[in-house]
There are 2 protein chains.
Amino acid sequence: MAVKSNGLALASRRVLSDVVTDDLRDAILSHDLEPGIRIAEDGLAIQLGVSRGPVREALLRLEREGLVTIERHKGARVASWNETDIEEIYSMRKVLEVLAFEWACKYATAEDLLAMEEVLDRYFKLTEKQRTPKEVSKLDLEFHSAVFVAAHHERLNKTWEILRSQIHALLVYTWSKDEKINKTYLPLWGTDHREIVEVIRGKQMKKAKTLILTHIDRGQQRTTKHFAEKPLPKQISSEG
Amino acid sequence: MAVKSNGLALASRRVLSDVVTDDLRDAILSHDLEPGIRIAEDGLAIQLGVSRGPVREALLRLEREGLVTIERHKGARVASWNETDIEEIYSMRKVLEVLAFEWACKYATAEDLLAMEEVLDRYFKLTEKQRTPKEVSKLDLEFHSAVFVAAHHERLNKTWEILRSQIHALLVYTWSKDEKINKTYLPLWGTDHREIVEVIRGKQMKKAKTLILTHIDRGQQRTTKHFAEKPLPKQISSEG
DNA sequence: GCACTGTTGTTTGTTAACAATTGTACCTCT
DNA sequence: AGAGGTACAATTGTTAACAAACAACAGTGC
């Protein structure tokens, strides 16, 4: 019923809990569900036309992704963010990306490099109008994910996927209100990434490390700035 | 029924899925369940006297911990290990521990340092007979966990807990057969840890980094060696 | 003998009902 | 009026039955 089999039959069979997980993640990352808001199992189940079982599983998975918090006997809420979260997320990101670049320098295949360039191409082909914060940050994360894939490091990739969701949510959150600031920053990313591809191709591990660190630092400063400027949304009162 | 309420009532109410998770984790980490072995939901549920719901949740959690692998419509198996896993685990461990030490140098409280020394004390008070691989590695991991706690970094701690389980399982696996090798190595750990505490107390971040890296390297070499020497157990035939 | 197919049994995925816990509103008593 | 307690409502935790997918095997046709 809630199975949206668009056209062709899916290769790896999707199961209801997968569908619910993806739907819910999309709802959170598209800011349909604001941070702090309560998610009742039954309500969501009815809304999606499924039973509570798959919904429970989905909430557990999203909790591990850091998009949702669960309290015993009290249920789930959409995760909310503060300055500490930014510090934690970006400090984690730095060490993970450095490791990813080291391994990518060692193990990246020709296909991996091609995949990275493909994302890069899509970025440069964006028209001025398409160059929205949402679209650009989506491509940015896609590029970095391509680097992690190139690292061929299973555990590192799993950890990155979790952090990626949180970064995504954080960006959506900080950018949800003001659309003007981005124009001055965004164009920089493309050239950064182009340089990164070449460094990996040349297996210049030392250079890769400094390059990625400054690249991420820029992102962190931007995010911190936006976060500070952002007017706090109506706090969910049922917090204390 | 399966609720083992030993004496006093637990502070934070434990729920069935928690009990199942812990029981199953113990069974895996104590090598009662060997790597590769199949875990049927129904069987485990009956064995523990609960229904399949909590068992499913437990399996999901242990999958995220990396102790169990789940295949769609095919069920769960106890995770098994190879040389690649060792490389992945220890490369992750290095970057996580370095980050933990940086943050611990910055944010460790007096209580945190005390907690570390308490673990250290228990190590040095072990009698010759108590100094088994199992006991020593348990204390080793406990010490490192204390450092992560001292870092006061929520996401880093969560990631470490996952990796810690895997390291634990890996150690149990490599040491499951031969008990003789350890005697020559084990005594080193205590002095390493003692030095580590002092470095954190003195907030010597640079020194902490090199110290922890050589410390972990030793562990990796030992594990790799044991793993290579270990005779492969009877492969679970239902693999291919 | 070998490939194919239908059947059967086992296991996971899903559902709906039941039990237990938490939060709230109202009532009573001091 | 305020403190405390009781009943009620809402929500999560748990269970058992049902549906769907997968795996093994016997039987059929070539």
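User: How far is a phosphate oxygen of DNA strand D from an N or O atom in the side chain of Ser51(B)?

Analyst: The distance is 2.7 Å, between a phosphate oxygen of DNA strand D and an N or O atom in the side chain of Ser51(B). This is a predicted model, and the value is computed from its coordinates.

In total, 19 residues surround DNA strand D, and the closest are Ser51(B) and Leu16(B) from chain B together with Arg38(A), Arg52(A) and Arg56(A) from chain A. Of the atoms of DNA strand D that come within 4 Å of the protein, 74% belong to sugar and phosphate.

In Lys74(B), a polar side-chain atom lies 3.5 Å from a phosphate oxygen of DNA strand D. Several elements give two or more residues to the surface near DNA strand D: β1 (38–39) and α3 (52–65) in chain A, and α1 (16–29) and α3 (52–65) in chain B. The largest share comes from α3(B), which gives three residues. By class, the residues of this surface divide into seven charged, six polar and six nonpolar.

Sugar and phosphate make up 74% of the atoms of DNA strand C that come within 4 Å of the protein. The side chain of Arg38(B) has an N or O atom 2.9 Å from a sugar or linking oxygen of DNA strand C. Backbone atoms take part as well: a polar backbone atom of Glu41(B) is 3.3 Å from a phosphate oxygen of DNA strand C, and a backbone N or O atom of His73(B) lies 3.3 Å from a phosphate oxygen of DNA strand C.

For DNA strand C, the elements that each supply at least two residues of the nearby surface are α1 (16–29) and α3 of chain A, with β1 (38–39) and α3 of chain B. Here α3(A) gives the most, with three residues. The residues of the surface near DNA strand C comprise six nonpolar, six polar and seven charged.

Six cavities of 30 Å³ or more are found in the whole structure. The greatest contribution is that of α9(B), with six residues. The lining of the largest cavity has eight nonpolar, four polar and five charged residues.

The second largest cavity has a volume of about 140 Å³. Its lining consists of 14 residues, with Arg93(A), Asp140(A), Trp189(A), Gly219(A) and Arg222(A) closest to the centre. The elements that give two or more residues to this lining are α4 (83–107), α6 (133–151), α7 (154–175) and α9 (205–229) of chain A. With five residues, α9(A) gives the most.

An open space involves both chains. The second largest pocket holds about 930 Å³ of space. Among its 27 lining residues, Val98(A), Lys209(A), Val95(B), Val98(B) and Lys209(B) are the closest to its centre. Helices α4 and α9 of chain A and α4 and α9 of chain B each give two or more residues to the lining of this pocket, and α4(B) gives the most, with ten residues. The lining of the pocket has twelve nonpolar, four polar and eleven charged residues.

The mean pLDDT of chain A is 87, and 85% of the residues of chain A reach 70 or more. Over residues 1–11 of chain A the pLDDT is below 50, and this stretch has seven contacts in the model beyond near neighbours in sequence. Residues 234–240 of chain A also have a pLDDT below 50, with six contacts beyond near neighbours in sequence. Where pLDDT is low, predicted coordinates should not be read in detail.

Notes: Residues numbered from 1 in each chain as written. Chains lettered and ligands numbered in written order. Predicted model: local features only at pLDDT ≥ 70, side-chain atom pairs only at ≥ 80, totals over all residues. Heavy atoms only, no water. Near = heavy atom within 4 Å. Polar contact = N/O pair within 3.5 Å; in protein donor to acceptor, adjacent residues only side chain to side chain. Helix = DSSP H or I, 4+ residues; strand = E, 2+ residues; numbered from the N terminus. Nonpolar A, V, L, I, M, F, W, Y, C, P; charged D, E, K, R; others polar. 1 Å grid on protein atoms, 1.4 Å probe; cavity = no way out; pocket = protein on both sides within 12 Å on 5 of 7 lines; lining within 4 Å. Points joined across faces, edges and corners; volume = space filled by probe spheres on them. pLDDT = per-residue confidence, 0-100. Contact = heavy atoms within 4.5 Å.
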